[in-house]
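These are my notebook entries on a single protein chain. I set down each item in the order in which I looked it up.

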Amino acid sequence: MSSESKADSQINYDTAIEYWTATPATVDGVLGGYGETTSVPKADVVGSSTLLRKLKARMVPAEGQLKYSVDIGAGIGRVTRDMLHKFSDKVDLVEPVKPFVEQMKIELQPLKENGKLGEIYDIGMQDWVPEKGKYWLIWCQWCVGHLPDEEFVKFLLRCKEGLQENGTIVVKENNAHDQDIFDEEDSSVTRSDESFKKLFKEAGLKLIATELQRGLPKELFKVRMYALKPE
């Protein structure tokens, strides 16, 4: 990457889709080799669940509102299957990679039978427009690196419109140490904590909590969770 070129300017949606379409539709595949035989999936669920429990008092839905969540960049539905459905009345999912969507339908069949599975939108985040005022929680994990800065801000603005009164957006992502890093392999950018905070501010979102994910292997990027509400 040349110093003149911003990391996010090199993102290409088609390259990203090609990369993920060629990736096995398994937990090991979507987590880059850190599947069920490693500590990562379990630690991830514990970290996310702990954050949501801490935020409980700040996430009380308005009277008569369902706790309707959406899992953005949902992969094969792992986050919904293992964590999100336990906090939600119903969950929608957004995922553009066709083999992942097919596997997701298998993984989430029990939730469908229990009436907890909402819509599956097989489109990219950049094209997803949430229904106004629908969501109690919009959960974005390990996916927004595929959006250039400008598109990420536009996405967050749409998410704001999609929130219920007192709704919350959570972004859970890898953190670069000091400057954003472009990954040619999957055409994504790993943003620094500073970059994320700048973009949240641009979108008119205030940070109500932030937590580092614990229990991940040392060779991985730090992973941070950001809980956001409209300013």
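Entry 1: I began with a definition: a residue is buried under 20% relative accessible area, exposed over 50%, and partly exposed in between. I also noted that the model is predicted. I then looked up Trp 142, which lies in the loop between S4 and H7. Its relative accessible area is 27%, so I recorded Trp 142 as partly exposed. Phi of Trp 142 is near 50°, a positive value in a residue other than glycine. I wrote this down because most residues other than glycine have a negative phi.

**Entry 2: a second case.** I found another positive phi at Asn 166, where the value is near 70° and the residue is again not glycine. Asn 166 is placed in strand S5. With a relative accessible area of 36%, Asn 166 is partly exposed. I then asked how many of the 13 residues of S5 are buried. The count is ten, so S5 is largely enclosed by the rest of the structure.

**Entry 3: the sheet.** I next traced the strands and asked in what order they form the sheet. The order is S3-S2-S1-S4-S5-S9-S8, an open sheet of seven strands with mixed pairing. At the edges I found strand S3 (117–121) and strand S8 (205–212), each of which pairs on one side only. From one strand to the next, the twist averages 20°.

**Entry 4: two pairs of strands.** I looked at strand S1 (residues 68–72) and strand S2 (residues 90–94), which run parallel and are joined by five bridges. Tyr 68 has Lys 90 of S2 as its bridge partner, and Val 70 stands opposite Asp 92 in S2. I also checked the cover of S2 and found that four of its five residues are buried. Turning to S4 and S5, I recorded parallel pairing over six bridges. In that pair, Cys 140 has Val 171 of S5 as its bridge partner.

**Entry 5: helix H4.** I listed the buried residues as Arg 78, Val 79, Thr 80, Asp 82, Met 83, Leu 84, His 85 and Phe 87. I then looked for what covers them, and found that the cover includes helix H2 (27–30), H3, S1, S2, helix H6 (109–113) and S4.

**Entry 6: H3 against H4.** The axes of H3 and H4 come within 10 Å and cross at roughly 25°. Angles under 35 degrees count as roughly parallel, and H3 is therefore roughly parallel to H4. The crossing is right-handed. On the H3 side, I recorded Pro 41, Asp 44, Val 45, Ser 48, Ser 49, Leu 52 and Arg 53 in the contact; on the H4 side, Arg 78, Asp 82, Met 83 and Phe 87. The residues of this contact divide into five nonpolar, two polar and four charged.

**Entry 7: H7 against H8.** I asked at what angle helix H7 (residues 149–162) and helix H8 (residues 193–202) pack. The angle is about 50°, and the axes are 9 Å apart. H7 and H8 are therefore oblique to each other. H7 passes H8 in a right-handed crossing. H7 contributes Asp 149, Phe 152, Val 153 and Leu 156 to the contact, and H8 contributes Phe 196, Leu 199, Phe 200 and Glu 202. I sorted the residues of the contact into six nonpolar, no polar and two charged.

**Entry 8: Ile 181.** My last item was Ile 181, found in strand S6 (residues 181–183). Its relative accessibility is 38%, so Ile 181 counts as partly exposed. I then looked for its contacts, leaving out residues up to four places away in sequence, and found Ala 7, Ala 176, Ser 188, Val 189, Thr 190 and Phe 221. I also noted a separation of 8.3 Å between the C-alpha atoms of Ile 181 and Asp 8, which are 173 residues apart along the chain.

How values were computed. Residues numbered from 1 in each chain as written. Predicted model: local features only at pLDDT ≥ 70, side-chain atom pairs only at ≥ 80, totals over all residues. Heavy atoms only, no water. Axes fitted to C-alpha atoms, helices over the stretch in contact; angles between N-to-C directions. Parallel < 35°, antiparallel > 145°, perpendicular 65-115°, else oblique. Left-handed = near helix turned anticlockwise from the far one by under 90°. Contact = heavy atoms within 4.5 Å. Nonpolar A, V, L, I, M, F, W, Y, C, P; charged D, E, K, R; others polar. Pairing = 2+ DSSP bridges. Buried < 20%, exposed > 50% of the residue type's maximum accessible area, 1.4 Å probe, protein only.
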